[in-house]
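Student: I would like to learn how to read charged residues in a structure. Could you walk me through one?
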Amino acid sequence: MGSFSFARTLEVIAQGAERPGPWRERGETVISAARLAQLRGLIQAGRDALFYTWPEWLGLRLEVLRLDQYECQSCKQRGRHRAAKIVHHVKHLKDRPDLA
């Protein structure tokens, strides 16, 4: 199973290109204040895995997969080509829930 980071997506956004899905300018909150409060509550309760069922995450995940043509970027950097099925956060969810 391939995986990749969406750092390249952030670079595209930072350069002012058209932003996919719910993205905003780099460094700004991507989810609403109410959802961010919910997410922080989940993290404190040790239930942050529930975030990955939210429509905000599912939509963003799909946009990132599309942007990278469903290819594992880690594998691609090593000269291998595999289908990507996992999307990683650039910053850990627990450290930066505001970028979720």
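This is a predicted model: local features need pLDDT of at least 70, side-chain atom pairs count only at pLDDT 80 or more; totals for chains, interfaces and linings use all residues.

Student: Is aspartate 98 buried or exposed?

Tutor: Look at the relative accessible area: under 20% is called buried. Aspartate 98 has 13%, so it counts as buried.

Student: Which side chain does aspartate 98 meet in a salt bridge?

Tutor: For a salt bridge, look for a side-chain nitrogen of Lys or Arg within 4 Å of a carboxyl oxygen of Asp or Glu. Here the partner of aspartate 98 is arginine 96, at 2.6 Å from N to O. Arginine 96 is partly exposed, with a relative accessible area of 32%.

Student: How many salt bridges does a search of the whole structure find?

Tutor: The search finds 4. One of them joins glutamate 63 and arginine 66, whose closest N and O atoms are 3.4 Å apart. Both residues belong to helix H3 (residues 55-67), where they are 3 residues apart, about one turn of the helix. Glutamate 63 is partly exposed at 22%, and arginine 66 is partly exposed at 46%. Glutamate 71 also forms a salt bridge, with lysine 76, at 3.0 Å between the closest N and O atoms.

Student: Which residues form a positive surface patch?

Tutor: Patch members have no salt bridge and over 30% relative accessible area. In this model, Arg78, Arg80, Arg82 and Lys85 form such a positive patch. Take arginine 78, in the loop between helix H4 (73-77) and S2: its relative accessibility is 56%, so it counts as exposed.

Terms used: Residues are numbered from 1 along each chain as its sequence is written. Side-chain values use heavy atoms; hydrogens and water are left out. Buried means under 20% relative accessible area, exposed over 50%, partly exposed in between (1.4 Å probe, protein chains only). Patches are made of residues with over 30% relative accessible area and no salt bridge: like charges are joined within 9 Å, nonpolar side chains (Val, Leu, Ile, Met, Phe, Trp, Tyr) within 5 Å. Accessible areas come from the Shrake-Rupley method with a 1.4 Å probe; for residues, only the protein chains shown count as cover. Lys and Arg count as positive and Asp and Glu as negative; His and the chain ends are not counted. The place of a charge is taken as NZ of Lys, CZ of Arg, CG of Asp or CD of Glu. Helices (H or I, at least four residues) and strands (E, at least two) are DSSP runs, numbered from the N terminus.
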